[in-house]
Amino acid sequence: MADPMRIRAQASGSKATVRVLMAHEMETGQRKDSSGKVIPAWHIQEVTAQLNGKTVMTAQWGPAVSKNPFMQFDVKGAKAGDKITISWVDNKGDKRTDEATVS
Amino acid sequence: MKQILMAGMLMTSMVFAGAAMAQKSAADGIAEYRKMLEDGNPAELYEAKGAELWKKKRGPKNESLERCDLGLGPGVVKGAWVQLPRWFADTQRVQDLESRLLTCMETLQGFNAAEIAKTSFDRGEQETIESLAAWISASSRGQKISLPQGHAEERRMYELGKRAFFFRGGPMDFSCATCHGVDGQRVRLQDLPNLTKNPGDGIGFAAWPAYRVSSGNLWTMQRRLNDCYRQQRFPYPGFASDVTIALGVYMGVNARGAESIAPALKR
């Protein structure tokens, strides 16, 4: 199973800034290994962010996103104590969901 | 016609002058890049993994590393990093973090240290050491580098490290000092710290281990030195070998008083 994400969510005024660090290889499918064989693509395809169970953002990612990606976004109306849930699904069907509380 | 040409040339030279004035120095650009990435340093992922690995029962003896002595007593992690490499009475050696972890993994957990030392970086148990190094160094973040020099062996290793640092060799006749012996040197756009003295807080010795964005993984000081030797076109003396530890002592003692920011973020 994939390693956990690091999620930080900080409320300021009428919004909260969410910072997410994901652990993923994000292999492009363009690289070759030492024996000359193509390393198959392996990357996150879909990212979903939820605020108290309601989807507030979805993103479609491809091979251009770096290894161990960092994502930052603002959620309007989120306040301290709210729950932020981030999920991703990669092209092999592997998935990971982590949760954080807005502080 | 000539006048028009002249006017044209004048304009281009003015444009150039303007561009040069607006242009930031390469160092400013890199500093800005680091600032932007500071919030999302993937070294944090390694830190989290390292903290788990320290407590987890692993290896042939199914033991954790919680009784590992990093110099401040068994199990004491906070503050240990800024005092390494140092003399260890049980092994009768001066050891850096990586070689000390090898010792602990062998004596406590039953792993074969020689085999791990031969494993290539980023594979198998080497990855374990990288994660542990991230967490252990993070536990001393903000503290000042203060390597002990009380033991005769520690002082001998400093002198050995100094000799290794200035030892020229390889097809290019490079030494560490060729790049890191004077102020204000660069390789491409990277500023090179002067490691013969304290280069400042969070620079040089005080910045490693670090996450390297270009290779997408965490580099320990051992791996950093491996790459220095590669760029020198010089054979790597081997993981956790005495000469690499001696270089660590030399750089660490020189950097005394510098604030450690490890694990840092590198291009």
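How many of the 11 residues of helix H4 of chain B are buried? I will come to that after a word on conventions. This is a predicted model, in which local features need pLDDT of at least 70, side-chain atom pairs count only at pLDDT 80 or more, and totals for chains, interfaces and linings use all residues. Residues are numbered from 1 along each chain as its sequence is written, and chains are lettered from A and ligands numbered from 1 in the order in which they are written.

Back to H4, residues 97–107 of chain B. Eight of its 11 residues are buried, so H4 is largely enclosed by the rest of the structure. Buried here means that 20 or more other C-beta atoms, placed from the backbone, lie within 10 Å of the residue's own. Helices are DSSP runs of H or I with at least four residues, strands are runs of E with at least two, and both are numbered from the N terminus. Among the buried residues of H4(B) are B:Leu97, B:Glu98, B:Arg100 and B:Met105. Their cover includes strands E1 and E2 and helices H5, H6, H9 and H10 of chain B.

Helix H9(B) has buried residues as well: B:Met221, B:Gln222, B:Arg223 and B:Leu225. Their cover includes H4, E6 and H10 of chain B. Just after H9(B), B:Arg233 has a positive phi of about 60 degrees.

Strand E6 takes us to a sheet. In chain B, three strands form an open sheet in the order E6-E5-E7, with mixed pairing; strands pair if DSSP finds at least two bridges between them. E6 (217–219) and E7 (264–266) stand at the edges with a single partner strand each, so one side of each has no neighbour in the sheet. E5, residues 210–212, pairs with E7(B) in the parallel sense over three bridges. One residue of E7(B), B:Lys266, is the bridge partner of B:Arg212.

Now chain A. Chain A has zero helices and seven strands. Of its 103 residues, 25% count as buried. Along the principal axes, its C-alpha atoms fill a box of roughly 55 × 20 × 20 Å.

Finally, the two chains together. Eight residues of chain B are in contact with nine residues of chain A.

Technical notes
Contact = placed C-beta atoms within 7 Å. Buried ≥ 20, exposed ≤ 12 C-beta atoms within 10 Å, placed from the backbone.
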